[in-house]
Amino acid sequence: MDIFLEQIVTRQRRALYELLFYACWVLLVLCALVGLSGLVNIVYTGADGGLGFRPLAAGMAVVFLGGAFLLWRVSMRLRTEYDYSFTNGVFDVARVMNGRKRTYLTSFDVKDLRAAGEEGSGAFQSCARQSGVQIHRWYLNKEARKYFFFFEKKGARHLVVLELNEEMEKTIFNRRYLSAEVWDGAYKSV
């Protein structure tokens, strides 16, 4: 029997992020309009009928259109979700920005883990202190209960911190998938 479980992580307190999202879009539209007006005014015809170039208008167009682009990128990050899926011992992590753009982040087999547990534990500190470890914090709610997974993939060591719900905890942290050496005897709390 296949075991499949999916969890979507969203922000618990979204009001501030929603306000920032709409503020970014208002500023984005204003920057785009000012940038486009600068673009229109780059080339002009003089009194003698010759063409002229306004470097100030070109600079204004570049600055404001660049600002509009940066605001668009920021607004995409304000509506971020994480999608965790667990299928027969393989854990996948993806980021979904603005409900549309899905980006694959990582995938690992739970049996290949070197360590796993709660963030802040002694095992977490030990793994985080190792040289050359890439730490990935793929969670949204700081007050949520977070777990770490330490593994090696393609010659690089990764320490992934995720926020899991109770159902996902119980599915991953059992003796069927995780050995006691990796989970360090914490089966009692899950």
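The structure is a predicted model, in which local features need pLDDT of at least 70 and side-chain atom pairs count only at pLDDT 80 or more, while totals for chains, interfaces and linings use all residues. Residues are numbered from 1 along each chain as its sequence is written, and side-chain values use heavy atoms, with hydrogens and water left out.

**Sheets**

Helices (H or I, at least four residues) and strands (E, at least two) are DSSP runs numbered from the N terminus, and two strands pair if DSSP finds at least two bridges between them. An open sheet of 4 strands has antiparallel pairing and the order S1-S4-S5-S6. Strand S1 (4-9) and S6 stand at its edges with a single partner strand each, so one side of each is left without a neighbour in the sheet. Within this sheet, S5 and S6 run antiparallel and are joined by 8 bridges, and valine 96 stands opposite arginine 102 in S6.

Another open sheet of 4 strands, with mixed pairing, has the order S7-S9-S10-S8. Its edge strands are S7 (115-118) and S8 (133-138), each of which pairs on one side only. S8 and strand S10 (residues 156-163) run parallel and are joined by 6 bridges, with histidine 136 standing opposite valine 160 in S10.

**Nonpolar cores**

A nonpolar core is a set of buried Ala, Val, Leu, Ile, Met, Phe, Trp, Tyr and Cys residues joined through side-chain atoms within 4.5 Å; buried means under 20% relative accessible area, exposed over 50%, and partly exposed in between (1.4 Å probe, protein chains only). The largest core has 36 residues, of which Tyr84, Phe91, Phe149 and Leu164 touch the most other members. Strand S9 (residues 146-153) gives the most to this core, with 5 residues. A second, separate core of 7 residues includes Cys24, Leu28, Cys31 and Leu78. When neighbours within four places in sequence are left aside, phenylalanine 149 has contacts (heavy atoms within 4.5 Å) that include Phe108, Leu113, His158 and Ile172.

**Two asparagines with positive phi**

Most residues other than glycine have a negative phi. Asparagine 88, in the loop between strand S4 (80-87) and strand S5 (90-97), has a positive phi near 50° and is partly exposed, with a relative accessible area of 36%. Asparagine 98, in the loop between S5 and strand S6 (101-109), has a positive phi of about 60° but is buried, with a relative accessible area of 17%.

**Charged side chains**

A salt bridge is a side-chain nitrogen of Lys or Arg within 4 Å of a carboxyl oxygen of Asp or Glu, and by this rule the count comes to 5 salt bridges. The table gives some of them.

| Pair | Closest N and O atoms |
|---|---|
| Glutamate 118 and arginine 145 | 3.2 Å |
| Glutamate 119 and arginine 137 | 2.7 Å |

Arginine 79 lies in the loop between helix H2 (55-78) and S4, and glutamate 18 in helix H1 (residues 15-40), so this pair ties together parts that are 61 residues apart in sequence. Glutamate 118 in strand S7 and arginine 145 in the loop between S8 and S9 are 27 residues apart.

Arginine 95, in strand S5, is buried yet has no salt bridge, and the nearest side chain of opposite charge, glutamate 81, is 11 Å away. For charge, Lys and Arg count as positive and Asp and Glu as negative, whereas His and the chain ends are not counted.
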